[in-house]
Amino acid sequence: MTTDTSNIARRHPELPAAALLDDRILFRVSGPGTNDFLQGQLSQNLADVVADHSPRAAASTPKGRAYLLTRLVRDGEDILLTMPASLADDVAAHLNKYLMLFRGTTMERLNNGLIVGLVGEAAAGILAGDDLPLPQGVNDTLVMEDGYLVRTNVTAEGIPRFELWLTEGLDEKLLGKIDRLHQASVTEWEASEIAAGVPELTPETRESWVPQMLNLQHLEGIHFKKGCYTGQEVIARMHFLGQLKKSLYRLGAKSGNQPAPGSPVMAGDKSAGEVVRAVTFDDGSVQLLAVLRHADAEKDLHLPDADQPLQILSLPYTVPEREVAPSDT
């Protein structure tokens, strides 16, 4: 499998496709305190993380600000989780402070671990083979001989996507199957994540937003009825009292420079929110996800020093909080 390192995404890549996500790191949490440790740190209920279902989760500060967005995969009694390479060292060091309270429980970086992004139903079918049924629901998981095949969120255009989690990397048999697919870049996977309305954090944006501002509740990333965890008080209050005034939007411009995560989105001469992630296509257009104030979302939006207006693009899920959110004062 070759890796396309281009920073420009093809607007219409060939399908089915596979992208080697070498910008992500896999970790394994194992030991008798695995569930209790993660239950106290993450927004997901560990009882719902089972062999055939791998939901998302956030780790937040006591003030409810997310510093990690991840997915949880059950591997026997262990839990696998992922994070961007750019955050891995800092996040692992932070979590290990809490892990010390759970004797015999460890969080190990999997140096041979690998995630492959798959775009198109046929891509997953080639990997799974004819004898194994593909997972049907979002976050549903197929346990394979070599790893775990997770159905992730479709794009707004309805293109199916999957993640293949491999704890020991690619063997020759699996590599042969992947080589039958069109090779996509990490940037093109990023484009599909934006089209699916899936956020990510960077060193510049960690601790910037409460998980609901990133639409994580609509990606099965928050369990509002689970027990206490770090940041729960703020997250629950925002949910049950209807205090969400910002959420994640997908935006596009016909041309322009790609904005950095954390940079402002403008409504006139005032900031309306911040960029979460962005991508540039080979036709010069730009797409991005940004957290915007609901009260400003219908105004004329643009990036700083940019001539092209930003248009709101569709997401593959609804965000009902935008309809009932109280107006900003």
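How many aromatic pairs does the structure hold? Two. A pair here means rings of Phe, Tyr or Trp (for Trp, the six-membered ring) with centres within 6.5 Å; planes under 30 degrees apart are called stacked, over 60 edge-to-face, and the rest tilted.

Before I go on, the conditions. This is a predicted model, in which local features need pLDDT of at least 70 and side-chain atom pairs count only at pLDDT 80 or more, while totals for chains, interfaces and linings use all residues. Residues are numbered from 1 along each chain as its sequence is written, and side-chain values use heavy atoms, with hydrogens and water left out.

Back to the rings. Phe224 and Phe240 have ring centres 6.2 Å apart and planes at 70°, so this pair is edge-to-face. Phe224 sits in the loop between H5 and helix H6 (232-240), and Phe240 is in H6 itself, so the pair ties together parts that are 16 residues apart in sequence. Helices (H or I, at least four residues) and strands (E, at least two) are DSSP runs, numbered from the N terminus. Phe240 is exposed, at a relative accessible area of 55%. The cut-offs are: buried under 20% relative accessible area, exposed over 50%, partly exposed in between, with a 1.4 Å probe and protein chains only.

Two arginines also lie over rings. Arg11 is over the face of Phe281, 4.8 Å from the ring centre, and Arg322 is over the face of Tyr249, at 3.6 Å from the ring centre. To count, NZ of Lys or CZ of Arg must be within 6 Å of the ring centre and within 35 degrees of the ring normal.

Next, helix H5. Ten of the ten residues of H5 (residues 186-195) are buried, so the helix is largely enclosed by the rest of the structure. Among them are Trp189 and Ile194, but also Glu188, Glu190 and Glu193. Just after H5, Gly197 has a positive phi of about 70°.

Thr155 lies in the loop between strand S9 (148-152) and strand S10 (161-166) and is buried, at 5% relative accessible area. Leaving aside neighbours within four places in sequence, Thr155 is in contact (heavy atoms within 4.5 Å) with Arg161, Ser192, Ala195, Ala196 and Pro316. Its side chain also reaches the backbone nitrogen of Ile159 at 3.1 Å. That is a polar contact: a pair of N or O atoms within 3.5 Å, where within protein one must be able to donate a hydrogen and the other to accept it, and residues adjacent in sequence count only if both atoms are side-chain atoms.

Now the nonpolar interior. A nonpolar core is a set of buried Ala, Val, Leu, Ile, Met, Phe, Trp, Tyr and Cys residues joined through side-chain atoms within 4.5 Å. In the largest one, of 51 residues, Phe27, Leu38 and Leu214 touch the most other members. Helix H2 (residues 85-99) gives the largest share of this core, six residues. Apart from it lies another core of 19 residues, including Leu20, Ala123, Leu134 and Leu166.

Not counting residues up to four places away, Leu214 touches Leu69, Pro199, Leu201, Trp209, Leu248, Val276 and Val291. Val275, in strand S14 (residues 270-280), is buried at 0% relative accessibility.

On to the strands. Two strands pair if DSSP finds at least two bridges between them. S12 (residues 246-253) and S17 (residues 309-313) run antiparallel and are joined by three bridges, with Leu251 opposite Ile312. S17 also pairs with S16 (residues 301-302), again antiparallel, over two bridges; there Leu301 has Leu310 as its bridge partner. S16 and S17 form a hairpin with six residues between them.

Last, the backbone. Most residues other than glycine have a negative phi, and most peptide bonds are trans. Asp305, in the turn of that hairpin, has a positive phi of about 60° and is exposed at 86% relative accessibility. Asn215 has a positive phi too, near 65°. Asn215 lies in the loop between H5 and H6, and at 0% relative accessibility counts as buried. The peptide bond from Leu15 to Pro16 is cis, with omega near -5°; Pro16 belongs to the segment before strand S1 (17-20).
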